[in-house]
Amino acid sequence: MNIGIMSFAHIHATSYATAIQRISGTKLTAIYDTDTNRGMDASKQYDVPFFADMNGFLAEDLDVVLICSENVLHKEMVIAAAKAKKHILCEKPIATNIDDAKEMIDVCKENGVHLSIAYPVRYSAPIRDLKAAIDAGELGEIVAIRSTNRGQNPGGWFVDEELAGGGAVLDHTVHMVDIMRWYMNSEAKEITAFANNYFTDLDTDDAGIMTIVFDNGVVASHDASWSRFPEFPTWGDAMIEVIGTKASRKVDVFNEKLNLYGKGSKSLTHLYSGNNTDFDLIVDFLNSIQQQKQPLISGYDGLKSLEIALAAYESNNRKQAVKL
Amino acid sequence: MKIVLEKEQQLLMHSPLYRFTNENSDEPNTVTILQQPEADAYKPFSTVEKQGWIYFDLWSYSFAIPLHEVLKAHDTVKGVLRLRRTTNNFSYIEEDILALSEWFGKVRNVSVRSNEIGENHYTIVLCEFGESMMAHLEYRTGQDRIEFEWSSHLHIAEFDSLQMTGDSDNNRNLFKNIDAVQQYAVQWDEAYDENLNAVRLLLQRGELR
């Protein structure tokens, strides 16, 4: 299977490229990037031809493309790749507005290619264990869910709304609300949120908290932020707690760790010891394509989680609940 | 010093500074623990007729003392507050908002959402305090537990009442601390009546917001 990567703007591009190199029967065969220097660097690192021209890249014999560009470029790249009949794994968020996301899904459908969104949290072992426990009825009926995704300020284009389409709320909401939807098979119907600049002097929001009411009556809350400073023991968290009538269970993707104490400004460091979710995501996506199955995460999943993040901004602006 | 404790509440009595007794005493360095309100006693917020010194449950525990020191020493204008109570007493909601207002500024933009299945009740209050402090307050049914987190651009302060012991029946993190009670109790007056009524109104409106 021949795979191309469109842009190394997102840091996940490097872990996906490394994953591809580890999987037998797959080959990273081409790299395209809007930033020539970035693309050339990746080309050298992975010993793969670089294309500065998107059409030239898409004319290559590629089965799959992974899109890791700045968020605002997802639409252009997905549509071009779909028309070139490539199956697509696109970084989250699917797009920066709902219309674009819907158009991307439609164009992929028209061209008979799969569109999947990169939500590696779905591949975290403890997150999957909790899904299995819910499905087995071990928690009883779900009453409420709370989640947090609080990390460090990523800097670069992530903090430029013109390229990212939003701030911390967009960046750090979609993963966990995707998990909520996946766990419950229910959609959000109302969002109430705050989003603002609480930790930094950035021109974009660096934190937000939202309450989500789902169709099934479950109330959920999500805390998204770039609030973790570099001296914090770990990058951040991706925590979800499900409160059920029989039991409650809480997992944090980053809580499988070794504590390392040391001298210096950072006295405690958490060394992650859990499964490689990026690798597992790529393996599962490529297996789906090979077996001509619908990937676990669809473009529609990307759309529904984007809706929640954008509704949070709308609620913050209007200072009232937003119905979906 | 006299303190009125709610039923089943306990007081930390480890301090060598005080003598603790159930007998009414005005001796110095003596703490009298009462079951019924007296005019000169520190009384819990749940007291029906609020007069004199009233203490908030949230700020009556040991963790409140270092937390207050941290807040005094650092910028508390901007940040994020998270409070989570596991409790069978949901009347803490209005009390907590009043307590948090004391330290973080006036409450505003309150939104309340709840779900209830059988005996399991869950309520989320989303609100802001002061100029730029957003808060997320959660209340769920169960044995008493307090989880508190305050994040700012330079500091993160966390407390979990279960962190010291798994023995929930003898959890000293949830014993009252007389120094916290004394330091953070408020002299109740008409302004507090007005504040409380305003909080109740905000919570009612918050269910519709």
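Visitor: Let's start with L271(A): what does its relative accessibility make it count as?
Guide: Partly exposed, because its relative accessibility is 37%. Keep in mind that this is a predicted model.

Visitor: And which strand does L271(A) lie in?
Guide: L271(A) belongs to β14 of chain A, the strand covering residues 268-272.

Visitor: Which residues make the nonpolar surface patch?
Guide: L271(A) together with L258(A) and L260(A). The patch comes to about 270 Å².

Visitor: Switching topic. Where is A247(A) found?
Guide: In chain A's loop between β11 (239-244) and β12 (248-252).

Visitor: What's its relative accessible area?
Guide: For A247(A) the figure is 25%, so A247(A) is partly exposed; the buried label is for values under 20%.

Visitor: What does A247(A) touch, leaving out residues up to four places away in sequence?
Guide: E138(A), L139(A) and V242(A).

Visitor: How far apart are the C-alpha atoms of A247(A) and G236(A)?
Guide: They are separated by 26 Å, with the two residues 11 apart along the chain.

Visitor: OK, on to N111(A). Buried or exposed?
Guide: N111(A) counts as buried, because its relative accessibility is 17% and the cut-off for buried is under 20%. N111(A) sits in the loop between α5 (98-110) and β6 (115-118) of chain A.

Visitor: Which backbone oxygen lies 2.8 Å from a polar atom of its side chain?
Guide: That of V107(A).

Visitor: And which residues does N111(A) touch, again skipping those up to four places away in sequence?
Guide: A82(A), K83(A) and K85(A).

Technical notes
Residues are numbered from 1 along each chain as its sequence is written. Chains are lettered from A and ligands numbered from 1 in the order in which they are written. This is a predicted model: local features need pLDDT of at least 70, side-chain atom pairs count only at pLDDT 80 or more; totals for chains, interfaces and linings use all residues. Side-chain values use heavy atoms; hydrogens and water are left out. Patches are made of residues with over 30% relative accessible area and no salt bridge: like charges are joined within 9 Å, nonpolar side chains (Val, Leu, Ile, Met, Phe, Trp, Tyr) within 5 Å. Accessible areas come from the Shrake-Rupley method with a 1.4 Å probe; for residues, only the protein chains shown count as cover. A salt bridge is a side-chain nitrogen of Lys or Arg within 4 Å of a carboxyl oxygen of Asp or Glu. Helices (H or I, at least four residues) and strands (E, at least two) are DSSP runs, numbered from the N terminus. Buried means under 20% relative accessible area, exposed over 50%, partly exposed in between (1.4 Å probe, protein chains only). Contact means heavy atoms within 4.5 Å. A polar contact is a pair of N or O atoms within 3.5 Å; within protein, one must be able to donate a hydrogen and the other to accept it, and residues adjacent in sequence count only if both atoms are side-chain atoms.
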